[in-house]
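Keep the viewer open as you read.

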Amino acid sequence: MSLNASIAGLYQYALTECMNEIMRPFSCMRGGLRDSSAQGYIESVAQQLKIAIVDADLIIRKKHRFPNLACMKLSAYYQDRRYFPDGNTVELVWSFEGWENYDHVIVSKVFTDTEIPGWLQTEFEAFKHDPHRNDRRIEFGGTGFYFDKAPDLPYEVEHHYPDYGLYLKWIEHKIKEEKGKGSKSFNERRFRSQFKEYTEYSIGFLTRGCFRKCPFCVNKKYGHVFRHSPISEFIDLKRKKICLLDDNFFGFVQDYDAGGINHSRKGAPPAWKTLLKELQDTGLPFKFKQGLDERLLSREMCQELFQSKYDGDFTFAFDKISDYDLIHQKLEIIRSTPMSKKASIRFYVLVGFTYGEDRALNANDIEDDFRRIELLMKYRCLPYIMRYQSPTDKPWKKSRFAKIYTEMARWCNQPNFFKKKSFREYCWACEEYYHEHGGREEHCSTWSAYCEIAKAYPRLKKYFALKYGEVKRLIGEPDFARMQRRRREASARRKRG
Ligand code: SF4
């Protein structure tokens, strides 16, 4: 689900997650495209400009490998001669230097913890304080800067076909740089594969929005899921695959538009089904990058989804322990769908979120995390741990068990470890590695942290011994009747007020 779309700035998940990217086109700085038509703007900028696009995540996060869709749309828009008859020169810039050579610089950032240089942060603060100041040479946009308050892209940009060539020069630069190191083991084909998200996928949103408004999520602007773009708006038929960034695709039941008008016809199939059919009809493998909302899954959804030509792991989210029974029920539905028997399924597991002050990140929280991991193991699903961080804080770092959060993420997020070793075995492997490589202390920090929590809370040891492939499903189905009864009772209580 979207969780992920959602947590764009928070989740390092894959990311992102992440294209909840929102950015002012620099046309806004010149008089406000929101208030005037694009045509009006053309008349006011009848000159060629040299524009730099800066994907700040790309520069700061050395391992970041996902294109910024807003940057791609902005690039295409500013080169579009329908809007700018004289044409503009637009380039991706992968450095914080040399900007004086450009008439305008547009900086975008998805992740809140991408730390830009101090001088640029100062520029951003000034821009935020007064976007219409005289010197508007540098513009800023994206959830990494504004979190959930990012202004929308103007319609003409948001719905522009992306510039899929924007990152190509940078990719060639990276390859040349690596070749230049002269390593004998360099394999260009293997090296290129890290850029596949830039070169192999058509990227876009079929729908946007989510109704859940989870407290940890950046995605709070819209109260419902609505139709966003037809596939034709972003598909490049020369590309082999489709990557969708929808926030909560299965939440698109009624055919709402962005204005909240419902276009569903009586007796029509659910809106998600129509879109899924369109996707299937392309014949191309596709994936939902932000994950899908497991809690909404029905048998019909499972059948449609698992019979699709899906690219890579099916990804869902398991954010909180209170969803345990519901997720359990949905896992049963998934694994009882014939097509899903061998499907590789992954869950984003949010940890370290405090839900206000009333929930400390103590041993109980760790236990809740391991209970979720245990449930996923039972259904042969892989957890992907995401440690919560707000735009200003990383609460898990203040926990007495901060090291356990880190190691839990390392263990789960590397399937090679997770599938072969229990958490205890993983920690012990770290200890062995430490001593084999000349560690001078009595124990490595991982094993020390493990011993500390295992000694203080022996009840957790049973979770630390869990091993993927050895954990059996519960005997019998979950007690769905009891769950339904509880839901009915809760709903009756709500009605009674
Ligand atoms: S609000 Fe929606 S998009 Fe965000 S985490 Fe929750 S379900 Fe996902």
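In what order do the three strands of the open sheet with β5, β8 and β9 run, and is the pairing parallel or antiparallel? The order is β5-β8-β9, and the pairing is parallel. Before going on, a word on the source: this is a predicted model, where local features need pLDDT of at least 70, side-chain atom pairs count only at pLDDT 80 or more, and totals for chains, interfaces and linings use all residues. Residues are numbered from 1 along each chain as its sequence is written.

Strands (E, at least two residues) and helices (H or I, at least four) are DSSP runs numbered from the N terminus, and two strands pair if DSSP finds at least two bridges between them. In this sheet β5 (201-204) and β9 (286-288) sit at the edges with a single partner strand each, so one side of each has no neighbour in the sheet. From one strand to the next, the twist averages 20°; angles here run from 0 to 180 degrees between N-to-C directions, with axes fitted to C-alpha atoms, for helices over the stretch in contact.

The other sheet is open too, with four strands in the order β2-β1-β3-β4 and parallel pairing. Neighbouring strands are turned by 20° against each other on average, direction ignored.

| Strand pair | Bridges | Facing residues |
|---|---|---|
| β5 and β8 (residues 241-244) | four, parallel | Y201 and K241 |
| β3 (residues 104-108) and β4 | four, parallel | I106 and E139 |

Now the helices. Helix α5 (residues 69-79) lies across β1 (50-55), β2, β3 and β4, and runs at about 170° to β1.

Helices α16 (residues 402-412) and α19 (residues 445-456) have axes that come within 9 Å and cross at roughly 115°. K403, I404 and E407 of α16 make the contact with S445, T446, A449 and I453 of α19, where contact means C-beta atoms, placed from the backbone, within 7 Å.

Helix α6 is hardly covered, with one buried residue among its twelve; buried means 20 or more other C-beta atoms within 10 Å of the residue's own, all placed from the backbone.

Definitions and conventions. Two residues are in contact if their C-beta atoms, placed from the backbone, lie within 7 Å.
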